[in-house]
Amino acid sequence: MEENTMTYNQAISELEEIVRKMQAEDCDIDNLANYTARSLELLKTCKNKLLKTDQELQKILEELK
């Protein structure tokens, strides 16, 4: 799924799944770099969505003043 169409909850769910895989006793060391890279992409997506939401809320709150 493309990051710009992914919801915040979808990104968090995928991150949680990656963490479960990384914590599993049978985690394949060869996949750790891929898991880490994907986690970074998902974290950036979450950060961008949170910043955008914060900006929108700040704008709304300013209008209330």
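This is a predicted model: local features need pLDDT of at least 70, side-chain atom pairs count only at pLDDT 80 or more; totals for chains, interfaces and linings use all residues.
Hi everyone, let's start with helix H2, which covers residues 32-64.

Now, which residues of H2 are buried? They are Tyr35, Arg38, Ser39, Leu42, Thr45 and Cys46. And what do the buried residues of H2 pack against? Their partner is helix H1, residues 8-23.

Let's see how the pair is arranged. The axes of H1 and H2 come within 9 Å, and they cross at roughly 155°. Angles over 145 degrees count as roughly antiparallel, which means that H1 is roughly antiparallel to H2. The crossing of the two helices is left-handed.

On the H1 side you'll find Tyr8, Ala11, Ile12, Glu14, Leu15, Ile18, Lys21 and Met22. Across from them, H2 brings Leu32, Tyr35, Thr36, Arg38, Ser39, Leu42, Leu43, Thr45, Cys46, Lys49 and Leu50. What kinds of residues make up this contact of H1 with H2? There are 12 nonpolar, 3 polar and 4 charged ones.

Let's zoom in on one of them, Ser39, which sits in helix H2. Is Ser39 buried or exposed? Its relative accessible area is 12%, and buried means under 20%, so Ser39 is buried. Leaving aside residues up to four places away in sequence, Ser39 touches Leu15 and Ile18, and both of these belong to the H1 side of the contact. Ser39 and Glu16 are 23 residues apart along the chain, with 9.4 Å between their C-alpha atoms.

Thr53 has 39% relative accessibility, so it counts as partly exposed.

One last stop: Asn4, in the segment before H1. Exposed is the word for over 50%, and Asn4 has 57% relative accessibility, so it counts as exposed. How far is Asn4 from Asp54, 50 residues along the chain? Their C-alpha atoms are separated by 17 Å.

To recap, picture H1 and H2 running roughly antiparallel, with the buried residues of H2 packed against H1.

How values were computed: Residues are numbered from 1 along each chain as its sequence is written. Side-chain values use heavy atoms; hydrogens and water are left out. Helices (H or I, at least four residues) and strands (E, at least two) are DSSP runs, numbered from the N terminus. The expected span of a helix is 1.5 Å times one less than its number of residues. Buried means under 20% relative accessible area, exposed over 50%, partly exposed in between (1.4 Å probe, protein chains only). Contact means heavy atoms within 4.5 Å. Axes are lines fitted to C-alpha atoms, for helices over the stretch in contact, and angles run from 0 to 180 degrees between N-to-C directions. Angles under 35 degrees count as roughly parallel, over 145 as roughly antiparallel, 65 to 115 as roughly perpendicular and the rest as oblique. A crossing is left-handed if the near helix is turned anticlockwise from the far one by less than a right angle, and right-handed if clockwise. Ala, Val, Leu, Ile, Met, Phe, Trp, Tyr, Cys and Pro count as nonpolar, Asp, Glu, Lys and Arg as charged, and the others, Gly among them, as polar.
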